[in-house]
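Please read the following report alongside the sequence and the structure. It begins with a single helix and then widens to the chain.

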Amino acid sequence: MTTLTHSPHAHAQTSVSQVMVTVMLALTPATLFGFWLYGWPAINLWVVALSVALASEAVTLKIMGRPVRGALLDGSGLLTAWLLALSLPPWAPWWLAAVGSLFAVVIGKQIFGGLGQNLFNPAMAARVMLLISFPLEMTSWIAPLPITSAAAPGFLEGLAITFAGMPPADGVSSATLLGHVKTELGREISWVQALSGFFDPAGFALGQRAGSLGETSAVLLLIGGLALIARRIITWHIPVAMLAGVAIPALLFNLIAPERYPGLDYHLLSGALILGAFFIATDPVSSPNSASGQLVFGLGCGLLTWIIRTWGGYPEGVAFAVMLMNAGTPVIDRYFKPRIYGRDRKGVALNPGVGANLFARVAVRISSRLPGGKEK
Amino acid sequence: MNPNHVGANSFARLANRVRMNSHLRGVHPESHKALSAEPPIRVLPLPERLFVPLQQHIGAPARHLVSVGEKVKKGQLLAASVGLVSAPVHAPTSGRIIAIGDFPGSHPSGLEMPTLTIEPDGDERWIESEPPSNPFALSPEEVALRVGAAGIVGLGGAAFPAAVKLNLSRRSEVHTLIMNGGECEPYLTCDDRLMRERASQIVEGIRLIAHATGASEILVGIEDNKPEAIAAMRTASFASPVRVVQVPAMYPMGSEKQMIQVLTGQEVPAGGRAADIGVLVHNVGTAFAVQQALRLGRPLVSRIVTVSGGAIMAPCNLEAPIGALAADLVRACGGLRSDAARLVLGGPMMGTQLSSLDVPLVKGSSGVLALTSAEVEQTRPGPCIRCSSCVSACPMGLLPLEMAARIRAGDPASAVDWGLKDCIACGSCSWVCPSHIPLVHWFNHAKGDLAARERLKMKNEATKKLADERSERMARIVREREEAARLRAAKKAAADAAKKAAAEAAAAAKAVEKAAEKAKEEVAP
């Protein structure tokens, strides 16, 4: 007996795990750069985050009585943990990554019903939770110390830093640009002064700065992001809108009061903006599904990021901005729908005599009245 | 034709096309057309038996006019159309009717339908017919009448009676005739081969259809993956009002609404017909059938069918009589390979799966496919990750993921708010879904569910109306009875009163008389 199936009897060569793997591949250059820049402790942190995510997902699925294998192999849990790891301070203790991964997978995703059901981006939910709960550990940055340099910790030393809480040597700890400027502005020092000797756009673009594990190299992240657009995993709408959402107010305010508001390059090249615009905000589950909705969503993410960075209590705002806009996704989806064929924007059936059709008819009518025209 | 008219119109069209092309959406499945596009059309050797279903079209089944044992000639009327939307059925070959009864049709379940079984005599003797010497001299009504009498239906797959469409178009004064040579379904090449080999007949058929409807603009849309067909059609339509337009190869370009959109820049209003915006769309194969009917007086008794797929030995196009079994066609193409995983009637995107090859070919069958499991690419569906691939794929601008979520929640009615009724069931969403969710299956199911609910609602309303009417009628009867009784009582009362009054009057008169008499007596003495 043949099993009967509905059409179509063909399918695109695509699957969820393929999508996830492509995103991970796009993240790889920036991740490898992060490993090189921050050495063994960063690698350890990444391994911890991914292993805990896999383990906690397996246990959760088992407890809920759902099929473990398929959900585990789709790669979504790994990707979540990967993104979380990239957003952590590179020399953070192991338990920070472990608690974060556990939270992302169990609270951020599975409790909502698993893949595709979560309202918030799990990685960002976990990051925000960590930032609020462990502010000290989440803001202990270190200066770049490439794995190839003499001062870099070796493998064993790296294990000690990650797992035994060995404090980093003096002179290694540093501040992020955003944090530095925030502090200096708080001390009534203009950002221009604060930046002198701290901000070098070219070096920052390549990633030579203090920051989270995988957010520093704007260039490599951009390459990965553009590859995702080229592979049609994401569309340009959210990244472009989010960058514009930061760029427009940054330019505008910098023009009005240059001494108070840092300029465009500062905003685009610091913090997690590029990572956020291409890899975080574009999370399909928690972002709107129409092109117009995605533009609104991206613009909102960008604006909120800029507002939090400029006037908020925290130096960086990408995670908060994305989560706030995630909450707005259902509303955006309700009001921003694509126009249906044969209907106007409001969903009312097109009138055969209106718009394009009217134009053609009028043209015909006028021409038929001209000398030699067809008489009705 | 007035040059100004054409100028203004084509300018408007160009402006619209620029605007509308930005809205064109769809998918690009692998075409697999090379499998069957090159060998010329072959005529299927006459099978031992032909099974001719009485319903091969949208509308009412035809009523058979022949009886078992009767000898028929090729092209003889076997069954007459019934009602306004229907099509007659003709004998696909000469021979003897050996059975009239139920036979499995081209339904996935193998549902049986009324079918005439013919044993061919092998002579292929045509009926005598008197084709008009110049079909262009016929009136449009006469052309439509002959198209209807030839049993021609839309050969693109929908199988809507062609004459009904012609008459409707003439009444709606269509100005543009679009001939659909899109053939966007993968694997299918029957229209491609037909256009390459019989372009001049097709162009004549197109001009006849234009004559029957009064359309002044005639466009033939052909996907750019068929350069030979485009060249052949351009040559055949040289110096005629028929204009061949190359359109981008994209699924579902061959869908009526999408073809209209790309060629005219206009959209068919939701819930409306192409005729509402002055457009009529026919398939190129239908034009060929029209030409055969009007030039040669031959009804539609055969069609070109693509037999293809990775599990067919030697894929090609066959000219096969209606009623030949899919098995006959497959055998003529070298048979099945051992790895055939799925049999499909039609194209892979919208065709129906066959549980067996022993089903007859009908007028709307464009292909018989035998696909391997690698071609089918079937995987267990996973959860929706809201990636919106289906949104960018949907040619109608719908939100398949939202519709599916509502249908899953058991609320098909609210899926309508997200465009369920605008869905053309092209399957682009299912094709592109990385989670392999059978979206279009759910939509078709929900549409059926809604239709059933609406039927039930109408039935309930009709019952309620009848019940209301009955109770009203009963009340009226009671009221009338009471009224009558009251009237009767009143009448009786009136009569009684009159009687009483009369009696009283009589008594009074008597009294008066008596008194008078008494007075007389008193006076008399």
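## Helix H3 of chain B

In this predicted model, helix H3 of chain B spans residues 140-149, and its buried residues are Val143(B), Ala144(B), Arg146(B), Val147(B) and Gly148(B). Buried means that 20 or more other C-beta atoms, placed from the backbone, lie within 10 Å of the residue's own; 12 or fewer counts as exposed, and in between as partly exposed. Helices are DSSP runs of H or I with at least four residues, strands are runs of E with at least two, and both are numbered from the N terminus.

Just after H3(B), Gly151(B) has a positive phi of about 70 degrees.

## Strand pairing

Strand E5 of chain B (residues 77-80) pairs antiparallel with strand E3 (residues 63-64) of chain B over 2 bridges. Pairing requires at least two bridges found by DSSP. Ala80(B) in E5(B) is the bridge partner of Arg63(B).

E5(B) is also joined by 2 bridges to strand E6 (residues 89-90) of chain B, again antiparallel. Here Val89(B) of E6(B) stands opposite Ala79(B).

## Nonpolar core

The largest nonpolar core holds 239 residues, and Leu45(A), Ala49(A), Ala85(A) and Leu329(B) have the most contacts inside it. Such a core is a set of buried Ala, Val, Leu, Ile, Met, Phe, Trp, Tyr and Cys residues joined through C-beta atoms within 7 Å.

Leaving aside residues up to four places away in sequence, Leu329(B) touches several residues of chain B, including Leu44(B), Val305(B), Leu318(B) and Val368(B). A contact means that the two C-beta atoms, placed from the backbone, lie within 7 Å.

## Chain B as a whole

Chain B has 16 helices and 17 strands. Of its 525 residues, 50% are buried. Among its contacts between residues at least 6 apart in sequence, 72% join residues at least 24 apart.

The C-alpha atoms of chain B fill a box of roughly 145 × 65 × 60 Å along the principal axes. Its radius of gyration is 34 Å, whereas a compact globule of 525 residues would have one near 24 Å. This radius is taken over C-alpha atoms, and the globule rule is 2.2 Å times the number of residues to the power 0.38.

## Confidence and conventions

Chain B has a mean pLDDT of 89, with 95% of its residues at 70 or more; pLDDT is the predictor's confidence in each residue, from 0 to 100. Over residues 1-7 of chain B the pLDDT is below 50, and this stretch has 14 contacts beyond near neighbours in sequence. Where pLDDT is low, predicted coordinates should not be read in detail. The predictor gives the complex an ipTM of 0.84 and a pTM of 0.83.

Residues are numbered from 1 along each chain as its sequence is written, while chains are lettered from A and ligands numbered from 1 in the order in which they are written. Local features need pLDDT of at least 70 and side-chain atom pairs count only at pLDDT 80 or more, whereas totals for chains, interfaces and linings use all residues.
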